[in-house]
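Please work through the exercises below with the sequence and the model side by side, trying each task before reading its solution.

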Amino acid sequence: MQTPLPIELQGQIGQRLREAYNELISEPVPDRFVQLLQQLKKREDQSPGGQQGGDS
């Protein structure tokens, strides 16, 4: 059985994870992803039935 991490260590890990996440979400979306999303939106808008254009 594993012993739980000390509360102080859990707090430090949580803080580092929050910092890394905040850095990640502040980065701009790559141009290629924006282009792909625009293509998907265009295809979705052109499909019969509006936004139901997929094989889900």
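The exercises that follow concern a predicted model, and each task is followed by a worked solution.

**Exercise 1. Determine how many helices and strands the chain has, and what percentage of its residues is buried.**

Solution. Begin with the secondary structure, where the chain shows 2 helices and 0 strands. Next, turn to burial: of the 56 residues in the chain, 4% are buried.

**Exercise 2. Locate the salt bridge found in a search of the whole structure, and explain how its partners are placed along their helix.**

Solution. The search of the whole structure returns 1 salt bridge, and the side chains that meet in a salt bridge are those of Lys-41 and Asp-45, with an N to O distance of 3.0 Å. Both residues lie in helix α2 (residues 31-46), and because they are 4 residues apart there, about one helical turn separates them. As for accessibility, Lys-41 is partly exposed at 41%, and Asp-45 is likewise partly exposed, with a relative accessible area of 46%.

**Exercise 3. Decide whether Ser-47 counts as buried or exposed, and identify which backbone oxygen lies 2.9 Å from a polar atom of its side chain.**

Solution. First place the residue: Ser-47 is in the segment after α2. Its relative accessibility is 18%, and therefore Ser-47 counts as buried, the cut-off being under 20%. The backbone oxygen in question is that of Glu-44, which lies 2.9 Å from a polar atom of the Ser-47 side chain.

Conventions
Residues numbered from 1 in each chain as written. Predicted model: local features only at pLDDT ≥ 70, side-chain atom pairs only at ≥ 80, totals over all residues. Heavy atoms only, no water. Salt bridge = Lys/Arg side-chain N within 4 Å of Asp/Glu carboxyl O. Buried < 20%, exposed > 50% of the residue type's maximum accessible area, 1.4 Å probe, protein only. Polar contact = N/O pair within 3.5 Å; in protein donor to acceptor, adjacent residues only side chain to side chain.
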